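Visitor: Could you take me on a close look at one part of this model, the place where the ligand sits?

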Amino acid sequence: MQLTPMAPKCGVEVSGVKLAQCSDAEMQEIKQAIYEYGVAVFRDQEFTPEDHITFGRRWGGIDVNNYFPLQDDYNEIAVVKKEPDQQTNIGGAWHTDHSYDQIPAMGSVLVARHLPPKGGDTMWAHMGAAYDALSDELKAAVEGLEAFHTADHVYKADGLYAQTDMAKSLRGQDLKTGAIHPVVIRHPHTGRKLLYVNSAFTIHFVGQTRAESMPLLQQLFDAALTGDNQCRLEWKPGTVAIWDNRTTWHNAMNDYHGHYREMHRITLSGEALAA
Ligand code: OGA
Ligand code: MN
């Protein structure tokens, strides 16, 4: 198995392994690489829906997404798709998956099933590098803070997505979510400090209103994306990406209007987070 970094501080391309047939030792090495680099990319994989589900269960369990359409024959698989006549896409802004759950999903396994001729890349940003790059003042300001996360403003019947052309394909409009996490967490396996707020789902600091929270929150959202902590993936048929939702943010480029794109996602179960 060979590891080739995709960028100085985020992402790694892993070659010399077949995900569907990897050994326990390879699985361990893959997990460690994802915890550290944030996202790992595997090319030329033969990875059927059955392989996808088997891999997720083997990793440690699957969290089924409450909002996206599910694959007809395999309900553990969420379908992330955009039709040729659709304008908005799923995940088309910086975010991390499921931070609105009190035990948030560890990561996601995304498989390319149908790609546009050009475009539709995905970007990731490393939140360990983001934390390291914060000024001493910002590090002191976030010390000990907790924040409230929810997805209600995105997915509810009067939420952001309901007003777009994705509305008809989404589920779960009557769900209510909410979770409190430390603003800086320690990665459960590497121990690295990670900035754990994101502009999609983090609403306010605990003990402060939205208005009181916003100046510092916005500073953190901005700081999380400056510098060289990002990487970008150009998908090809057979590409699989696995990322750590604690270690990274991600963003799906929406630059392929008029073309169909379909990805399959399994969300991996995680653990409670601590400072
Ligand atoms: C996701 C997501 C990115 C993409 O599946 O969680 O944000 O590129 N997708 O489709
Ligand atoms: Mn996502």
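**The ligand site**

Guide: Ligand 1 takes up the space of the largest pocket. A pocket here is an open set of points on a 1 Å grid over the protein atoms alone, where a 1.4 Å probe fits, with protein on both sides within 12 Å along at least five of seven lines; a molecule sits in it if more than half of its atoms lie within 2 Å of its grid points. This is a predicted model, in which local features need pLDDT of at least 70, side-chain atom pairs count only at pLDDT 80 or more, and totals for chains, interfaces and linings use all residues. Side-chain values use heavy atoms, without hydrogens and water.

Around ligand 1 stand Val80, Gly91, His95, Asp97, Leu110, Thr122, Trp243, His250, Ala252, Arg261 and Arg265, each with a heavy atom within 4 Å of the molecule. This shell splits into four nonpolar, four polar and three charged residues, with Gly counted among the polar ones.

Now for the polar contacts, pairs of N or O atoms within 3.5 Å. The side chain of Thr122 brings an N or O atom to 2.5 Å from an oxygen atom of ligand 1. For Arg265, a polar side-chain atom also lies 2.5 Å from a ligand 1 oxygen, while for His95 the distance is 3.2 Å. On its own, ligand 1 exposes 290 Å², and the protein buries 99% of that, by the Shrake-Rupley method with a 1.4 Å probe.

Note on methods: Residues are numbered from 1 along each chain as its sequence is written. Chains are lettered from A and ligands numbered from 1 in the order in which they are written. A polar contact is a pair of N or O atoms within 3.5 Å; within protein, one must be able to donate a hydrogen and the other to accept it, and residues adjacent in sequence count only if both atoms are side-chain atoms. On a 1 Å grid over the protein atoms alone, a cavity is a set of points where a 1.4 Å probe fits but cannot get out, and a pocket is an open set with protein on both sides within 12 Å along at least five of seven lines; lining residues have an atom within 4 Å of a point.
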